[in-house]
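Here is a short briefing on one protein model. Look at the sequence and structure first, then read the points below.

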Amino acid sequence: MPALIRLLVLLAALGALAPRPAGASPSKEFVEARTVFRAGQYGEAIALFNGLLYPTSQLSDQQELADAHLLLAVCYFETGKRDFAVREFEEALALFQRIGHGESIEAALIYNGYAQALNLSGQREDALAQID
């Protein structure tokens, strides 16, 4: 993956790590998963985020839910699980659009990561469609 695209995807993920206002505190499990993610322990973070998101989401705040899917996508991407990364990027993008952030800089950076994951998982035509 070109270094610039990788950097942009990681910057988008870091945007998801920004502190939330006190009234919108994430659950302890979400905080723990973000901490593990920040430490670069992607395998452990995958387990934690999966526990929060599947089989049903434990997160009620839509921004936190979108952030969790984004961070899980990056974890999968960084561990070479491109097909899983694609699924999580799709979930994150759908949630970002639903909460009105579909046209944000963060969403544009997520689209780049999504396109890279598609390309690396052998879905070149779909990847090209994302960047048009």
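Glu91 is partly exposed, with a relative accessible area of 37%. Here buried means under 20% relative accessible area, exposed means over 50%, and partly exposed lies in between (1.4 Å probe, protein chains only). This is a predicted model: local features need pLDDT of at least 70, side-chain atom pairs count only at pLDDT 80 or more, and totals for chains, interfaces and linings use all residues. Residues are numbered from 1 along each chain as its sequence is written, and side-chain values use heavy atoms, leaving out hydrogens and water.

- Glu91 sits in helix 5. Helices are DSSP runs (H or I, at least four residues), numbered from the N terminus.
- Glu90, Glu91, Glu125 and Asp126 form a negative surface patch. Patch residues have over 30% relative accessible area and no salt bridge, and like charges are joined within 9 Å.
- Helix 5 (82-98) and helix 7 (124-131) each give two or more residues to the negative patch.

**The salt bridge**

- One salt bridge is found in the whole structure. The term means a side-chain nitrogen of Lys or Arg within 4 Å of a carboxyl oxygen of Asp or Glu.
- Arg87 and Glu88 make a salt bridge through their side chains (2.8 Å, N to O).
- Glu88 is buried, at 0% relative accessibility. Arg87 is partly exposed, at 31%.

**Helix 2**

- Phe30, Ala33, Arg34, Val36 and Phe37 are buried in helix 2 (residues 28-38).
- Down the axis of helix 2, its buried residues fall within an arc of 160°, so they line one face. The arc uses directions from the helix axis to the C-beta atoms.
- The face turned away from the buried side of helix 2 carries exposed Lys28 and Arg38.

Terms used. Patches are made of residues with over 30% relative accessible area and no salt bridge: like charges are joined within 9 Å, nonpolar side chains (Val, Leu, Ile, Met, Phe, Trp, Tyr) within 5 Å. Accessible areas come from the Shrake-Rupley method with a 1.4 Å probe; for residues, only the protein chains shown count as cover. Lys and Arg count as positive and Asp and Glu as negative; His and the chain ends are not counted. The place of a charge is taken as NZ of Lys, CZ of Arg, CG of Asp or CD of Glu.
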